[in-house]
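Biologist: I am new to this model. Please show it to me, and let me ask what the terms rest on.

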There are 2 protein chains.
Amino acid sequence: MNAASPGRHQGDYREFYRGRRVMITGGLGFIGSTVAHQLVELDARVLVVDSLIPEYGGNLFNIDGIEDRVRVNVADVRQQSTMNYLVRDHDVIFNLAGQVSHIDSMQDPYTDLEINCRSQLSILEACRRYNPAVKVVFAGTRQVYGRPDSLPVTETHLVKPTDVNGINKAAGEYYHLVYNNVFGVRACSLRLTNVYGPRQLLKHNRQGFIAWFIRLALEDREIQIYGDGKQLRDFVYVDDAADAFLRAGASEASNGHVFNVGGGDPISHRDLVDLLISTAGTGRSRYVEWPPEKKAIDIGDFYADSSLIRQTLGWQPVMPLREGLARTLTFYRANMERYVPTTESTVGAL
Amino acid sequence: MNAASPGRHQGDYREFYRGRRVMITGGLGFIGSTVAHQLVELDARVLVVDSLIPEYGGNLFNIDGIEDRVRVNVADVRQQSTMNYLVRDHDVIFNLAGQVSHIDSMQDPYTDLEINCRSQLSILEACRRYNPAVKVVFAGTRQVYGRPDSLPVTETHLVKPTDVNGINKAAGEYYHLVYNNVFGVRACSLRLTNVYGPRQLLKHNRQGFIAWFIRLALEDREIQIYGDGKQLRDFVYVDDAADAFLRAGASEASNGHVFNVGGGDPISHRDLVDLLISTAGTGRSRYVEWPPEKKAIDIGDFYADSSLIRQTLGWQPVMPLREGLARTLTFYRANMERYVPTTESTVGAL
């Protein structure tokens, strides 16, 4: 199957967005801003909503080049009255605001609950009351599956999260499905695996390992691989992930469903690091023992079966991993100072 | 298989509770107070914690006969500092406090979230910090499964709740499993189906239909059956359900697991109502259209496969439905004024 193969909504979904009013929560973040860039290309009217909490992934530089073609509203999804106002008059909401650190969720479960669970309910209540005709596409996560019982993981796999973040993300996703089924607020969820690419947070290492590995490679530092590094994962380039959002938002067939959004062939951590170092030409690797607090919530091998979204929405990833990594490295080489604090003391504190 | 068949923990689990310090959240409620009665018989030292929120199931009369042999602490599980104090020095916590109305959860999702989701996290955080050696048994619900894909429903069935209550109960349950797996706070969950028996709330009809049907039969009123009444359900007598809690609390084999706690043979609503009316000798039935707000969150046929808890903990229900209903009717005939407001105006407002 290749990128040109026919899907039910292939082609027309991009035209759908011309002139549409689209809101993106977490719109200054990694994936949200990439969705914004694609929507601007398609002549949508884009409202970017982001809290710009310093520890999180929102970054004004992420809309560099489109800053005059989107509106930015700094707001926190936990602020219900603000959400009640902002959701109005939009055709589609891409709902990506979230606390994404698994480790943080175990140290401060309440903040994770407020953002990933309660705020999702607030957004849906706002839609139900003030914009029931909107379509909402939620950024779910493969974390809800926990340690897989079988591979590749399909959407019929049990939900059994291994950490608080996974639980709250599962609840946030379920709310979307219930509001779709019971209140008619059309909604669906994309369970993303490991997304990588330009515009991802690099300033600390608590939001997934791939961006951190990229930073270490670029800084010619040592990349630590936990255990034997044989655990398998699949990776999705951020433009491919954003394309899944656009397809889901334009389709009625997605309503009430969850879809895995995974990469092509899985790759082991060790092979990924080798590929990254050889592509970058800098960095080195070392194998270390698992830190206990990370081992406790690790999910082992994971790769998703994305055939449901391929069949339903015609989506499939098109970016090869090597090329995606090369583009990502090029992006950060040009823009590193926008993503990493320049003071040594800050870097040293990480 | 019969009640005397050997289970791994058959017999000794009752002895386990002698002198043990046991806390029951929701301990003045229907199931919680039944657990308290059984624990007092076994010479446990019981702390009953209940919020006594008027709309909920807590009722001081539920500990009639054992009120001098338990301690009662009125408190709300949403009050973290109180929970931090109360969890200390207990060997087992039976964690039954909850908002149990599905309909209420759709009208006020935040209260449901606070009680069923956030408060569970608070209780577990309290245990983690102040009593990590405790064992926690959580009152889960079959509602987390939503509309079954296959029957009978086993624990490997997908979690896909049809309402906000089911989502928050699922999250509350997942927290228990994660705290067991990651923080070593031993915990398990019992996914209860339809529990019936003495001491259940009768004052309004928003907490499941069976108690309400019993009240209508006792008052010789009309029982409305939605649709054709052919939907199947399984019913567990409350003493059997309480026995499942005792077994789970005394066992190490339950740690980190969820167990269905279901009845024997499923029965249709229509047959249940016929049995109830014939047992009571009062009441009558009428078939009516589904109210849309109830149809939207109905789960159709449901009955559980409880073989996992039978195999693991030796539990099985022993009370036949007819006898259970007869005992329940006898209890309420003697104590109706303790469960139903006596003013006609209150009854009329329901």
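Modeller: Start with a definition. A nonpolar core is a set of buried Ala, Val, Leu, Ile, Met, Phe, Trp, Tyr and Cys residues joined through C-beta atoms within 7 Å. Buried means that 20 or more other C-beta atoms lie within 10 Å of a residue's own; 12 or fewer make it exposed, anything in between partly exposed, with C-beta atoms placed from the backbone. The largest such core here has 208 residues. Ile24(A), Val46(A) and Phe213(A) are among those with the most contacts inside it.
This is a predicted model: local features need pLDDT of at least 70, side-chain atom pairs count only at pLDDT 80 or more, and totals for chains, interfaces and linings use all residues. Residues are numbered from 1 along each chain as its sequence is written, while chains are lettered from A and ligands numbered from 1 in the order in which they are written.

Biologist: What is Phe213(A) in contact with, beyond its neighbours within four places in sequence?

Modeller: Contact requires C-beta atoms, placed from the backbone, within 7 Å. Phe213(A) meets that with Ile223(A), Val273(A) and Leu276(A).

Biologist: Why are both faces of strand β4 of chain B called covered?

Modeller: Strands are DSSP E runs of at least two residues, and helices are H or I runs of at least four, numbered from the N terminus. β4(B) spans residues 92-95. Val92(B) and Phe94(B) on one side are buried, and so are Ile93(B) and Asn95(B) on the other.

Biologist: How do you know that β4(B) pairs with β5(B)?

Modeller: Pairing needs at least two DSSP bridges between two strands. β4(B) and β5(B) have four, in the parallel sense. Ile93(B) stands opposite Val136(B) there. Four bridges also join β1(B) to β4(B), with Met23(B) opposite Ile93(B).

Biologist: How do you know that the copies meet through the same surface?

Modeller: 100% of the interface residues of chain A are also interface residues in chain B, so the surface is the same. In all, 24 residues of chain A are in contact with 24 of chain B. The largest share of chain A's side, nine residues, comes from α6(A).

How values were computed:
Two residues are in contact if their C-beta atoms, placed from the backbone, lie within 7 Å.
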